[in-house]
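Colleague: Can you take me through this one? I'd like to start with the ligand.

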Amino acid sequence: MAVQISPSILTADFAHLADVAAQVDGAADWLHVDVMDNHFVPNLTIGLPVVASLAKATGLPLDCHLMIEDPDRWAPDYAGAGAGSVTIHAEAARAPVRTLREIRAAGARAGLALNPATPVRPYEDLLGEIDMLLLMTVEPGFGGQRFLDIVLPKVRAAREMIARHGGEVWLQVDGGVSADTIERCAEAGADVFVAGNAVYGSADPARAVQDLRALATR
Ligand code: DX5
Ligand code: ZN
């Protein structure tokens with residue numbers, strides 16, 4: 001699978017989201033949208049109406065990462081609102097199989113996310129239900145945190161698991177991904193890279209995306 005870059009808008013200017021998207025249009029593959037409810041994580045961002053508006057305002061497909069307590073209730077609606085990919089957390093979902101199937105039925109790619117301390121092996125049987133596995137490389141909730149190296153063995157194990165199942169599932173890493181850490185992630189087997197600060201903290205976000213892609217591709 002080719003390397004894909006999904007810039008996270010979390011630390012960008014929320015008053016100008018269409019411009020924020022336009023800054024990486026043509027360079028990025030996705031736009032990563034972090035939905036937080038102040039329950040699953042101690043931070044609050046945006047919800048369905050903003051995602052629906054943003055989906056209309058950009059040509060980039062939206063990669064919605066739901067850090068919310070009740071993904072079973074909300075995830076299909078994000079697909080219906082125009083997200084190209086909807087990722088739910090295994091720690092929060094009560095009926096993940098049903099919810100992942102509903103995301104796909106609503107026309108989006110279905111993703112399953114695991115926090116740094118959540119082991120991947122218990123989810124091996126769900127690989128047929130998902131299009132992407134997201135391994136958090138920080139504790140979710142905030143941008144600009146330090147990359148957690150301790151997750152790399154899990155990235156490797158997940159890549160082996162996915163290969164055993166035919167290799168169709170994308171493997172995403174999210175949190176602290178930068179020019180300093182992306183090569184380690186790629187080497188461990190990740191192929192979709194979320195980067196917030198490394199892109200929007202840069203004076204030239206499109207260039208930052210190109211640089212990250214080059215580092216991950218080597
Ligand atoms: C954290 C979010 C990430 C975050 C990444 O909970 O899921 O998507 O925005 O930001 P950086 O790349 O700055 O760690
Ligand atoms: Zn995220």
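Colleague: How do the residues of the shell around ligand 1 divide into nonpolar, polar and charged?

Modeller: They divide into 8 nonpolar, 12 polar and 2 charged. Ala, Val, Leu, Ile, Met, Phe, Trp, Tyr, Cys and Pro count as nonpolar, Asp, Glu, Lys and Arg as charged, and the others, Gly among them, as polar. This is a predicted model, where local features need pLDDT of at least 70 and side-chain atom pairs count only at pLDDT 80 or more, while totals for chains, interfaces and linings use all residues. Residues are numbered from 1 along each chain as its sequence is written, with chains lettered from A and ligands numbered from 1 in the order in which they are written.

Colleague: How many residues surround ligand 1, and which are the closest?

Modeller: There are 22, the closest being Ser8, Leu10, Gly143, Gly196 and Asn197. A residue is near if its C-beta atom, placed from the backbone, lies within 6 Å of the molecule.

Colleague: Which residues does UniProt list for "active site"?

Modeller: The unreviewed entry lists Asp34 and Asp174. They are spread over 141 residues of sequence, but their largest C-alpha distance is 10.6 Å. Asp34 sits in strand S2. UniProt annotations may be inferred rather than shown by experiment.

Colleague: New topic. At what angle do H3 and H4 pack?

Modeller: Helix H3 (residues 71–80) and helix H4 (residues 96–105) pack at about 10°, with axes 8 Å apart. Axes are lines fitted to C-alpha atoms over the stretch in contact, and angles run from 0 to 180 degrees between N-to-C directions. H3 and H4 are therefore roughly parallel (angles under 35 degrees).

Key. Helix = DSSP H or I, 4+ residues; strand = E, 2+ residues; numbered from the N terminus. Parallel < 35°, antiparallel > 145°, perpendicular 65-115°, else oblique.
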